Amino acid sequence: MRENELLQHIYAASRALPESVVIGPGDDMGALAIGGQTVLVTVDQVVDGVHVNTATTPIERVGRKAIVRNLSDVAAMAALPCGAVAAACLPSDFGAERARALFDAMRQTAERYGCPLIGGDVSVWGGKLLLTVTVFAEPAGVEPVLRSGAIINDGIYVTGELGGAWDEQGGGPHLDAEPRIALARTLAEDPAVGLHAMIDLSDGLATDLGHICERSGVGAVIDEAAIPCRRGGGAAAALSDGEDYELCFTAAGVVPESVDGVPIARIGHVVAANDGAPVVMRGKDGSAKPLAACGWEHRGE
Ligand SMILES: [Mg+2]
């Protein structure tokens, strides 16, 4: 099963949703109208052996990552987190002290971002560690920024540095990612920026920018030389490694070069949709390469 095939099936089955659904499947968070308010929600998993390696990673950092993955989706909507619930399947030999350290790290990380952990569920099983976190968020005066808002001629931007988020032992920058919540709200609140569409970079720039193109019905041209690659890595790592938890967005106005010390790079612009790959990269040698999206069929097959 390829991720894209499954997603298309889910989107097709979600066309006739009730009016209370403000944002349906296909964005970084869904949203419901509840009591006259919009409540955004996202859910993400951390699976030992897929998203973390518990054999080499301190359990506190595993707990932190389980929360941050979700908060990065909150940032992608320019929303404010307001609470979380967590479910865990613990291996039978996990140990009580380790379990306490795991939950303390999840709770402390969530609280640091104004997102109290308000409930959850724990099972013990014969498999590996599996954490599932759900985060609720509110627009708090900013319209949620969707993947579908990109307009032709928008600039395309990314925050921070991309690629090489994993080292060979399973450590690396993916464990230290900072959800860009404050940065996203700064951009969304400034009308001069003209923020149109946004996504967080979890699956690699090629795939995630491809999602903006697909949802917005546009194409993208990016410049290889403009991609902010993490030290030692090239554009290929930035395009396909994933788990950067930075933001990719499109905007029509004036975008600052940094916000609170986080650099923002303009990497290209939005063009009309074409029949081929939605994202085309202009190489340093002047060539134009259509980029294939990767998604989890890369890792899963
Ligand atoms: Mg996301």
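In this predicted model, helix 5 covers residues 205–216, and its length can be checked against its residue count.

Helix 5 is largely enclosed by the rest of the structure, because 10 of its 12 residues are buried. A residue is counted as buried here if 20 or more other C-beta atoms lie within 10 Å of its own. The buried positions run from Leu205 through Ala206, Thr207, Asp208, Leu209, Gly210, His211 and Ile212 to Cys213, with Ser216 buried as well. Just after the helix, glycine 217 adopts a positive phi of about 70°.

At the level of the whole chain, two domains are assigned: domain 1 spans residues 3–138 and domain 2 spans residues 147–300. Their centres, taken over C-alpha atoms, are separated by 22 Å. Each domain supplies 21 residues to the contact between them. On the side of domain 1 that touches domain 2, the elements giving two or more residues are helix 1 (3–13) and helix 2 (59–76). Helix 2 provides the largest share of this side, with nine residues. Sorted by class, the side of domain 1 that touches domain 2 consists of nine nonpolar, six polar and six charged residues.

Conventions
Residues are numbered from 1 along each chain as its sequence is written. This is a predicted model: local features need pLDDT of at least 70, side-chain atom pairs count only at pLDDT 80 or more; totals for chains, interfaces and linings use all residues. Domain bounds come from an automatic or database domain assignment. Two residues are in contact if their C-beta atoms, placed from the backbone, lie within 7 Å. Helices (H or I, at least four residues) and strands (E, at least two) are DSSP runs, numbered from the N terminus. Ala, Val, Leu, Ile, Met, Phe, Trp, Tyr, Cys and Pro count as nonpolar, Asp, Glu, Lys and Arg as charged, and the others, Gly among them, as polar. The expected span of a helix is 1.5 Å times one less than its number of residues.
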